[in-house]
Every structure is written in structure tokens, then in C-alpha cells.
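Reader: I would like to go through this model with you. May I put some questions as we proceed?
Author: Please do.
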Amino acid sequence: MDLNSASTIVLQVLTQATSQDTAVLKPAEEQLKQWETQPGFYSVLLNIFTNHTLDVNVRWLAVLYFKNGIDRYWRRVAPHALSEEEKTTLRAGLITNFNEPVNQIATQISVLIAKVARVDCPRQWPELIPTLLESVKVQDDLRQHRALLTFYHVTKTLASKRLAADRKLFYDLASGIYSFACSLWNHHTDTFLQQICTGDEAAATNSLERTLLSLKVLRKLTVHGFVEPHWSVEVMSFLHAVFERLKQFLECSRSIRAENVCRDRLEKTIILFTKVLLDFLDQHPFSFTPLIQRSLEFAVSYVFTEAGEGIVFERFIVQCMNLIKMIVKNYAYKPSKNIEDSSAETLEAHKIKTAFFTYPTLMEICRRLVSHYFLLTKEELAMWEEDPESFTVEETGGDSWKYSLRPCTEVLFIDIFHEYNQTLTPVLLEMVHGLQGPTNMEDTSAILIKDAVYNAVGLAAYELFDSVDFDQWFKNQLLAELQVSHNR
């Protein structure tokens with residue numbers, strides 16, 4: 001396909017393919033399908049979608065056809081595979097300019113570069129990573145952002161490869177660029193914090209976007225880039241820095257008004273910090289051991305004490321609870337019944353957990369879960385009134401405990417109660433005894449507290465089997481309550 005003559009024809013057909021008229025659209029799509037296997041077609045598409053003077057819809061379609069072509073024809077063994085010569089030209093063209101003005105198209109270009117990188121990097125495309133590292137340092141805002149976006153998508157894609165040889169290549173890449181990625185993240189984070197302090201919200205929003213992207217890169221490198229990450233001083237320094245940065249960002253959220261683009265991004269970044277910790281704990285439980293104490297102190301203080309008041313938001317509370325739950329339930333941290341059969345790493349982790357979960361701490365967590373987080377909200381009561389079945393399904397379905405507050409609090413309660421039932425059984429029974437007798441139907445808060453405590457007893461029923469005579473409780477207390485006909 002001759003580039004000069006073909007460009008005009010392909011551009012014309014792509015324009016027809018964006019038409020709303022099926023009589024124009026269908027033949028154009030057929031023609032594009034025939035061209036998919038023609039040599040030079042993808043070079044023409046590259047010229048079209050990198051030409052910023054053309055119609056956005058046409059450029060968008062050109063990017064999509066190019067991206068689909070990578071899946072079908074890029075590998076050497078594929079039928080109608082692209083020639084090595086054309087692929088060399090295309091690779092060079094893709095990273096010549098990180099200056100795409102349209103966000104959606106920029107994202108698609110980043111994704112398609114990552115798709116090529118999955119097949120060719122680093123062997124056939126050794127210049128990709130060095131080019132990206134240079135490009136994220138430029139002073140031009142647009143180029144810097146687009147390069148950082150591409151850097152993230154490439155890192156994400158390479159981190160997802162699972163063959164041993166690919167894992168080795170990613171380990172080599174991670175160790176080579178980790179220091180740079182950390183300094184990049186610190187630079188953008190410090191810039192954002194300075195701009196928030198000076199009240200320059202527009203500039204802060206831009207810096208926050210770069211902070212978010214560089215943190216996404218670091219998340220992939222940290223979780224997937226090291227066999228034994230605890231031996232890397234840089235990795236452990238970064239993970240400890242996450243707690244400090246989280247505190248700074250949570251404090252920032254006080255000063256940014258709600259319903260704000262910057263606030264939305266800020267909350268996304270805060271959640272990403274927690275994902276770094278959760279992913280690292282999931283993939284490297286023993287490397288996480290030095291972080292257990294700090295993670296528990298951090299999560300418990302924000303979720304179960306006054307420290308979090310006016311700062312925390314629902315998704316962050318859920319993430320903190322998931323962090324506590326994963327530490328409590330982690331099998332890597334549970335010694336065997338025969339202590340001699342347990343590894344030194346397991347015993348060390350168990351020791352840290354035991355030292356943290358003292359009676360006062362467990363009592364505070366249990367009481368706060370029941371008396372604060374188990375209380376039904378006005379929205380939940382309204383939903384329950386309107387559609388009880390949907391309310392039940394929504395609260396208990398699938399993986400809802402990972403993302404929704406009520407299921408998450410209940411799962412955390414069950415896990416902590418199971419792990420520390422001897423300590424917590426008297427605490428819960430004391431709450432039950434405090435509610436015996438009839439309840440004033442005009443006192444809504446008293447009704448909601450009783451509902452919360454009964455819910456807790458239901459969740460912990462298995463653990464309470466030897467401590468509660470459920471038959472007697474039913475006859476002496478619950479039966480009378482079931483007969484109350486008040487609409488509350």
C-alpha cells in the first residue's frame with residue numbers, strides 16, 4: 001500500500017465509517033476489513049491518528065483499528081503477520097511525539113503502545129523504556145503527562161506477564177528503574193502538596209494527576225517487580241513513606257471542598273495508596289511483616305478512634321477494614337498447633353499481631369463496630385421499607401464486603417470475633433444484657449442500637465453457642481419483642 005496515495009483513500013473510508021447512515025457505514029467497514037491484512041495499512045493509520053488537524057472521530061476510529069490489528073497481526077506466527085520492516089517503522093513512529101491533545105485518544109495510544117510492548121519489549125524494542133524515562137522528565141506539561149500515561153500502561157502490561165522468562169525480564173526492569181520511579185513520584189507529590197498550600201487548585205489538579213500515574217507505576221513495580229522485596233531498601237522505604245503520604249493527603253482533604261474535580265482525584269489517590277498496601281500484603285505476606293504494626297495502628301486509629309472524624313470517607317474506611325481483616329486472617333501469620341512446626345517468619349508476624357490486639361484495643365474495635373458501623377442509616381431503612389429483598393441481596397451478594405461498608409464491617413466483625421472469641425464474647429454479652437427488657441418505641445436510637453447488637457449476636461452465633469442459652473433468650477426476651485405490633 002503506497003502511503004501517499006493510500007492515505008487519502010483510507011481517510012475517506014474512515015470518514016464514511018463514522019457515518020450514522022448504515023448505507024454509508026456498512027460498505028466502509030467492509031472495505032476497512034479487507035485492508036486489515038494489506039502491507040502498509042497500519043502505517044497509514046498511524047499517519048492519520050497522529051495528524052491533529054483531522055476530525056477527532058476519524059482519528060479515534062484509526063486508533064481502534066490499529067489497536068485491533070496488533071491483537072491479530074503483530075505476532076510473527078500470526079496469519080497475515082506484519083512484516084518486520086513495517087513493525088520497526090511503526091514502533092519508531094509511536095514514540096516520536098507524546099503530544100496527543102485529546103485525552104481519550106491519548107489513552108488508546110498508550111494502551112496500544114503497551115500491547116506492542118507486551119510482544120516486543122525489551123528484545124525487539126529496547127529503546128522504548130529509555131525513551132519513556134526521558135520523556136517523563138520534559139518540562140512541557142502535555143508531553144510529560146502523555147509519556148507518564150504511556151509509562152504506566154507499559155508497566156501494567158509487562159507486570160501482568162506470567163511466564164518465568166517474562167517475570168525475570170520484569171524483575172530486571174523493576175530493579176533498573178525503581179529508584180527513578182520513586183523520585184518521580186516524590187517530585188510530583190511534593191509539587192501537589194505545595195500547590196494545595198498556596199491555593200493554586202488548577203495547577204494542583206494537574207500535579208495530582210501525575211502523582212496518581214507515577215503511583216500506579218510504583219504499585220506495579222513494588223508488587224510484581226521483586227522476588228523478595230523486603231531485601232530492597234528502596235521498596236521498604238517507599239512502603240513506609242506511603243503511611244506518611246496518606247496522612248498528608250487525608251489532611252489535604254479537609255481543605256478541598258466537596259463536589260470538586262481535585263477532591264475526586266485526591267480520594268482516588270488515597271484509595272490507590274491503600275491498594276498498594278493491600279496488594280503487597282496479598283502477594284508478599286512475609287515481606288509485609290515489618291509493616292504489620294504500622295498498618296494496624298494506622299487503620300485502627302482512623303476507623304475506630306476520633307482521629308478519623310471529619311477526614312475519612314466510606315471507600316477509605318472499607319479499605320482500612322480490609323487491611324485489618326487481611327492481617328487478622330492471613331494464614332502466613334498463623335502458627336501451627338505444634339509451635340516447632342512453624343517458621344520463624346510466621347512466629348514473628350504472630351508475635352506482632354498478638355502484641356497489638358490487646359484487650360482494650362479489641363474491646364474498642366468490637367464496641368465501635370456494633371454501636372457505630374452496624375447502625376442502620378436513614379437510606380438503608382428507606383431501602384429496606386421499599387424493597388426488603390433487594391436490600392438483603394445488595395448487602396450480602398458476591399464480593400460486596402470488599403467494596404461496600406455494611407458487608408465489610410460485618411465480615412470484619414465475624415473474622416475478629418472468630419480469632420479472638422474468648423476476649424470478645426464477654427464484651428458482646430455485656431452489650432446484650434444492657435438491652436434486656438422492653439424498648440421505648442419512641443426512642444429511635446434505642447431501637448437501632450438493639451437491632452445492631454442483635455445483628456452482632458446473629459453473626460457471632462456459632463462462637464456464642466457455649467455461652468448463650470438461645471432457647472431461654474428466645475422465650476424470655478425475643479418472643480415478647482416479636483409480638484410488638486408498633487410500626488417501628
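Reader: Over residues 28-100, what percentage of the chain is helix, and how far apart are the end C-alpha atoms?
Author: This is a predicted model. In that stretch, 63% of the chain is helix and 0% is strand, with 26 Å between the end C-alpha atoms.
Reader: Which feature does UniProt place there?
Author: The unreviewed UniProt entry gives "domain: Importin N-terminal" for residues 28-100.
Reader: And how many helices and strands does the protein chain have?
Author: The protein chain has 23 helices and zero strands. Its C-alpha trace spans about 90 × 60 × 50 Å along the principal axes.
Reader: What share of the residues is buried?
Author: Of the 488 residues in the protein chain, 48% are buried. The chain exposes about 24200 Å², and 53% of that area comes from carbon and sulfur atoms.
Reader: Let us turn to one residue. Where is Thr155 found?
Author: Thr155 lies in helix 8, which covers residues 141-159.
Reader: Why does Thr155 count as buried?
Author: Thr155 counts as buried because its relative accessibility is 2%, and the cut-off for buried is under 20%.
Reader: Which residues is Thr155 in contact with, leaving aside neighbours within four places in sequence?
Author: Thr155 is in contact with Phe170, Val217, Lys220 and Leu221.
Reader: A change of topic: how many positive and negative side chains are there?
Author: The protein chain has 48 positive and 61 negative side chains. The centres of these two sets are 6 Å apart.

Technical notes
Residues numbered from 1 in each chain as written. Predicted model: local features only at pLDDT ≥ 70, side-chain atom pairs only at ≥ 80, totals over all residues. Heavy atoms only, no water. Helix = DSSP H or I, 4+ residues; strand = E, 2+ residues; numbered from the N terminus. Buried < 20%, exposed > 50% of the residue type's maximum accessible area, 1.4 Å probe, protein only. Areas by Shrake-Rupley, 256 points an atom, 1.4 Å probe, with all protein chains shown as cover. Lys, Arg positive; Asp, Glu negative; His and termini not counted. Charge placed at Lys NZ, Arg CZ, Asp CG, Glu CD. UniProt positions renumbered as here; feature names shortened; annotations may be inferred. Contact = heavy atoms within 4.5 Å.
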